Amino acid sequence: MTAPAPTGLFGALREQLTDAAAAFAESPDALAGILAGMVDDVDRALGERLEIFPVCHHSPASALAMARRLRARPPKVIYLELCEDLRPLLDELRNCRLPVAVQAFATELDGFPAEWSPLSVIAPITEASAEYQAIAYALDTPGVELVLVDRSTDHVFQWTPRDGQPADPDPTPAADEDAALHGDAVGVEIGDLRPRFAELEAHLLHHGKVRHWSEWWDQYVERPLADADHDTYRQVMVLIGSLFRRLRPTRSARDDRDEDRERHMWTRMRQHLAASGVDPADCLHVCGAFHAASHVEQFGLDSTAPDFPISPRTGTRWRYGLIPSSHSAIEAQFGLAPGTVSIAAANWAAAVGRTRLTPYRLAGQQTGKKGRRTRATPTATSPDETADRLSGFLAAPPALDALDEAELRGWCVDIVRLARRNGYLASTADAIAVFETSILLANLRNRARPTPYDFADAAVTCIEKDVVPGRRDVRRLCEILLGGDRIGQVGYDSLPPLARDVLDRLRPLGLDLERRTVQRALLDLRADPALAPCSDLLWMLRHLLPADAVRPIMGERRLGHRSTQESWDLALGRNQRALIELGYEGVTVEQVLEQRLRRAVRGPDATAARALAAVEDAIRLLDSPRLVDELGARAVELLAAERTVDDAPEVLRRIRRLLAHHRTTASTLPAWCQAFVTTGYAHYCTLLPTAFVDEATGVRQVGAMLGFLFHMESLALSLGCDRSQLELAVAQAHPEAPAKLALLWAARHQLGLLPLAQLREHCAELLGNPLVVPAFPQYLSGFVHALDPVPGLAPFVVETMSAAFAGLPDPVLLPWLPTLITTLREHGPELVPLLVREAERTFPATLPELDAWTPPWAAAPATPTSAPVVAAGPVHRLLTGHPDATDAVAALLGCGGPWRSPTDGGPPPPDAASVLLAAHPATADAVAALLAAT
């Protein structure tokens, strides 16, 4: 029985592949099904009434084929695989220098998990890509419509599983800042064509004798298809897409999303065709080769399947714009080998020159090269003339390019020159070695003409050393030589209003801020007061942009102080992406800063310390009393709601600074400052007993609480607070930790409950107890922290440390010193200078003085002198007649003792004034006469 004759355009090819499967495969049915299915996919895609143009992202071969197709048979409608809500941004590409990325950005989420914020989607566009050729043709050709048919950016995240993250950025930071231009955005590419079966990719790389996928694709797909005709290109690309589609592991969520995207695209194209009435023969569908071999039920215009139900978008507010991109950023975003996009750009330029084809470029596009005037005559068959070009392509041997010695020789000489400039000891011998090694590697990889990949491997082999002498290694130098990491730029007219406003307001500086170099700006505000608005704007940008975008070299802006001369290093062109994303948040810098300050104090992680920082920033940068009062009131609310004192040191530092500022700039304190002091006084009094005994609360926090209570006490009492709150809080504190116990003693001393003599006795008992001596540094740490709330305790701390050094024996003191040093360094580094200054004031300054010096605390107490006897007068008789009030004051001051009668000790001795008046009575008589006359 004979086999049926092959039918269809690819019947003969299908029969050949089936016979090969039967001859070579162990299970011919499975292999025959895969091979025949691939041919069927090609036949199905080519038979569709709406022409499908398969592409691969950033592929020069796809770009060349697209340019030929558009010039041969210009379509009226182009359906492009790109997020449909990005269409308005494409008109702005003519104001940019490629590569750039189209971006959708959202911070205010509605319908997505809050931890996903911010959401960002980017689609990079390079000149050596089929999508750019289609965009440039459609936008500059009258009567041509460009329709984006892929799912919207909102659906990108709607279709993301909620148990995962919307993106999986590389956890290792990029070594080059240009490779991080995209940040952690989710990348959207047109034509993702890479094996999803790891074993298949490893097999292809092994037998192709290449290191990574980009090199395999360049050798076996890019170069053979660069000069192929339209039909050959389409058939081969669909075949490759079908191969990768069929040879993949079990279905995954990504496969389901890809099929939903295909259903979405065909649904949108059907809807547009029905609404516009355009002939499908005048349309072109540009999509990835993987999607060209789709098996979804909505595939094709003749499908009877219902339209794919597209869910509505969420309430998330998306903002759109263009951001600069770079070759290295694209490679990092999509997992390509370093140098892949740069080599593709070089291959694109060489192919354009070789084929004399004029590529499409948007009118007004910024470019460093002039377009060619010559144009090749492209040929493309009509849909009715499609022939089987696939069989001939698969059967023909690969075309071997002849060795271009001049090109390779130029590369070798240039790489040696670059290497020497970057510190390598390279010579002419290295250039010869690179030349010969490049040819050797190309022959080993079955090609006659060395590719840039062969050349780069040869250069690394012959020139690279164990240690890189400069900033760039040899492989990076090869990338620079072959085209470099081209970095795009968004033009002024395509920038958001905020970015344009920033550039306009900084124009008085006289700098070209769109350049990527770091530029120095000098502002003499005293000589040129007109630069003051520029200074204000730079300080706001310093707060909002990355640290290296706007960096002050000289000058500062703090509360109550503005420098008269400033110097800045500006790199706004290098940080254009950050400036553009800032424009998504508002129209002016002041508006964005105000929104961020409000968001900082209203967020779920807002604290009183952050609110005070926001108040300080509002005063320094915006000078808005209304906003300051609003943020200050919020700080009071946050302080009252806090249940921990972790931020007590920062709260104390900031409120001190703010109170000092308001006292020097206003006649009265703002209402929020008064409320903050009274609320803080009551709040910290309430939490003080718990903080003393809580192990999670450090001695630094307790010291800051006492500092707030003691330093703000006079103001708090004048505003109506009760001092008994603090006395009760101290009385209820019973700490066990040595440092906190020392803090409690200091607090009691400040309140007058613990005299200094009794405090000395406590310390003497500690030093006299051998079991406590090892822990004595902890007590000293507590006393050092007490220097802030009780600064008068500094002489006592110096005395205590001196007594410890003088009294402890060396076997105890020497092991004790490291613990003392580490404790003071860890717990009180900012308070140690206070201790040092007090020691400098106490100890002698010269060595001779030290021999005769006696410590103040060891000096013999002075003999008390008898109080002078004062003659009794009306006041004395009043006090002795009613001694209760005086006795109460004396008891409070610790000055008890018996009353002395005016007769005790005999008559009072005359003083000097009495002797003087008695000797010269004339003056006293004149004064008395004058007083009597009046």
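Which residues in α14 meet which residues in α17? W411, D414, I415, L418 and A419 in α14 meet V474, L477, C478 and L481 in α17, where contact means heavy atoms within 4.5 Å. This is a predicted model: local features need pLDDT of at least 70, side-chain atom pairs count only at pLDDT 80 or more, and totals for chains, interfaces and linings use all residues. Residues are numbered from 1 along each chain as its sequence is written, and side-chain values use heavy atoms, with hydrogens and water left out.

**Overall make-up**

- The protein has 39 helices and 13 strands. These are DSSP runs numbered from the N terminus: helices are H or I with at least four residues, strands are E with at least two.
- Of the 934 residues in the protein, 48% are buried. Buried means under 20% relative accessible area, exposed over 50%, and partly exposed in between (1.4 Å probe, protein chains only).
- Among contacts with a separation of 6 or more, 75% join residues 24 or more positions apart.

**Helix pair α14 and α17**

- Helix α14 spans residues 405–421 and helix α17 spans residues 474–481.
- Their axes lie 10 Å apart, and the packing angle is about 125°. Axes are lines fitted to C-alpha atoms, for helices over the stretch in contact, and angles run from 0 to 180 degrees between N-to-C directions.
- That angle is why α14 and α17 count as oblique to each other. Angles under 35 degrees are roughly parallel, over 145 roughly antiparallel, 65 to 115 roughly perpendicular, and the rest oblique.
- The crossing of α14 and α17 is right-handed. In a right-handed crossing the near helix is turned clockwise from the far one by less than a right angle; anticlockwise makes the crossing left-handed.
- The contact of α14 with α17 has eight nonpolar residues, no polar ones and one charged. Nonpolar covers Ala, Val, Leu, Ile, Met, Phe, Trp, Tyr, Cys and Pro; charged covers Asp, Glu, Lys and Arg; the others, Gly among them, are polar.

**Helix pair α25 and α26**

- The axes of α25 (residues 671–693) and α26 (residues 699–711) come within 9 Å. They cross at roughly 140°.
- This crossing is left-handed.
- On the α25 side, the meeting residues are F676, V677, G680, Y681, Y684, C685, L687, L688, A691 and F692. On the α26 side they are V702, M705, L706, F708 and L709.
- By class, the contact of α25 with α26 holds 14 nonpolar residues, one polar and no charged.

**Cis peptide bonds**

- The bond from L98 to P99 is cis, with omega near 5°. P99 sits in the loop between β2 (77–83) and β3 (100–106).
- The bond from S117 to P118 is also cis, with omega near -5°. P118 is in the loop between β3 and β4 (119–125).

- R356 has a positive phi of about 55° and is not a glycine. R356 lies in the loop between α12 (340–355) and α13 (390–395). With a relative accessible area of 45%, R356 is partly exposed.
- D623 is not a glycine either, and its phi is near 55°. The loop between α22 (608–622) and α23 (625–641) holds D623. D623 is exposed, at 56% relative accessible area.

**Cysteines**

- The structure has zero disulfides. A disulfide here is a pair of cysteine sulfur atoms within 2.5 Å.
- C534 is buried, at 2% relative accessible area. C673 is buried too, at 0%.
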